[in-house]
Amino acid sequence: MRRSNIDISFMIIVAALAFMSLRGGALTDPATWIRDKIVIVPAIFIGLTFHEFAHAFVADRLGDSTPRLQGRVTLNPLAHIDWIGLLCLFFVGFGWGQPVQIDPRNFRYPRRDEFLVSIAGVAMNFLLAVVFALICKGLLAARGTSWTSFGFGMDIWMMLEYVIIINLVLMTFNLIPVPPLDGFNILAQIIGFGQTETYWRIYTCGNWILIALIVFGITGMILTPCVQFLYNLIAGIVGLPMGY
């Protein structure tokens, strides 16, 4: 996300989904649940930080100094983490970072440049997924597969796998063409209604549309097969075991 439009209704839905997640895991097998959540933390911080940094960096390079003035052209996670979005990704399975604010008036070619800024975050997530898949492949080549099956080695392997998965989740979720996700702005710039009244009318309804997609399981229907396909595609290309 680059713009923020989160209201109390959205938070109520997120809280309900988080409660369902807790009831389904933390209360039935708390030890495993806690362990799984601990190993996912690095992946969440990496994915959210690099996603928002990419937005800020591209906007800055294209002539808008707003992100730099707000301290966003940095890889310091504290500059990019939205704590509610972080908790959502942690408990519910989707989330967001602190939106990067831009001023399109500073761009030389506003429509093209807004498109590039919007797509930068998801492109970064895909790049990170590939990079960490290559790291996993290198570790397997150097140490074999036995060390990934027990103890500390298994925890490290799970952390690396989660970096791949979380980045693919962030990429896919943000590509859904519903405001305030990046996918909506990408589509708006492609079609050419990014600065029109129609854009803002749809944008003001974005939270409710997103809530409906979440509540009725549409986001899950999108995320699960897409992430599985992308994970197996990357794994197949770099030579990792498939089957996520």
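## Terms and basis of the model

A residue is called buried when its relative accessible area is under 20%, exposed when that area is over 50%, and partly exposed in between, using a 1.4 Å probe and protein chains only. This is a predicted model, in which local features need pLDDT of at least 70 and side-chain atom pairs count only at pLDDT 80 or more, while totals for chains, interfaces and linings use all residues. Residues are numbered from 1 along each chain as its sequence is written, and side-chain values use heavy atoms, with hydrogens and water left out.

## Overall build

The protein chain holds 10 helices and zero strands, where helices (H or I, at least four residues) and strands (E, at least two) are DSSP runs numbered from the N terminus. Of the 244 residues in the protein chain, 46% are buried. When contacts (heavy atoms within 4.5 Å) between residues at least 6 apart in sequence are considered, 73% of them join residues at least 24 apart.

## The nonpolar cores

A nonpolar core is a set of buried Ala, Val, Leu, Ile, Met, Phe, Trp, Tyr and Cys residues joined through side-chain atoms within 4.5 Å. The largest such core has 37 residues, and the members that touch the most others are I44, L48, I164, L168 and L240. At least two residues of this core come from each of α2 (30-61), α4 (83-91), α5 (110-143), α6 (151-174) and α10 (218-238), and α6 gives the largest share, with 10 residues.

Leaving out residues up to four places away in sequence, L168 touches F126, A129, V227, L230, Y231 and I234. A second, separate core has eight residues, among them F173, V178, L181 and L210.

N125 lies in helix α5 and is buried, with a relative accessible area of 0%. Its contacts, apart from neighbours within four places in sequence, are G47, H51, N167, L170 and M171. N125 and G47 are 78 residues apart in sequence, yet their C-alpha atoms are 6.4 Å apart in space.

## How α2 meets α6

Two packed helices are described by the angle between their axes and the distance between the axes. Axes here are lines fitted to C-alpha atoms, for helices over the stretch in contact, with angles running from 0 to 180 degrees between N-to-C directions. The axes of α2 and α6 come within 8 Å and cross at roughly 45°, which makes α2 oblique to α6; angles under 35 degrees count as roughly parallel, over 145 as roughly antiparallel, 65 to 115 as roughly perpendicular and the rest as oblique.

The residues of α2 in this contact include R35, D36, G47 and H51, and those of α6 include M154, D155, N167 and L170. By class, the contact of α2 with α6 has 14 nonpolar, four polar and three charged residues, where Ala, Val, Leu, Ile, Met, Phe, Trp, Tyr, Cys and Pro count as nonpolar, Asp, Glu, Lys and Arg as charged, and the others, Gly among them, as polar.

## Helix α7 and its partner α8

Helix α7 (residues 182-191) and helix α8 (residues 197-204) have axes that come within 12 Å and cross at roughly 165°, so α7 is roughly antiparallel to α8. On the α7 side the contact is made by F184, N185 and A188, and on the α8 side by Y199, I202 and Y203.

Helix α7 is mostly covered, with seven of its 10 residues buried, and the covering elements include α2, α5, α6 and α8. After α7 comes G192, whose phi is positive, near 100°.
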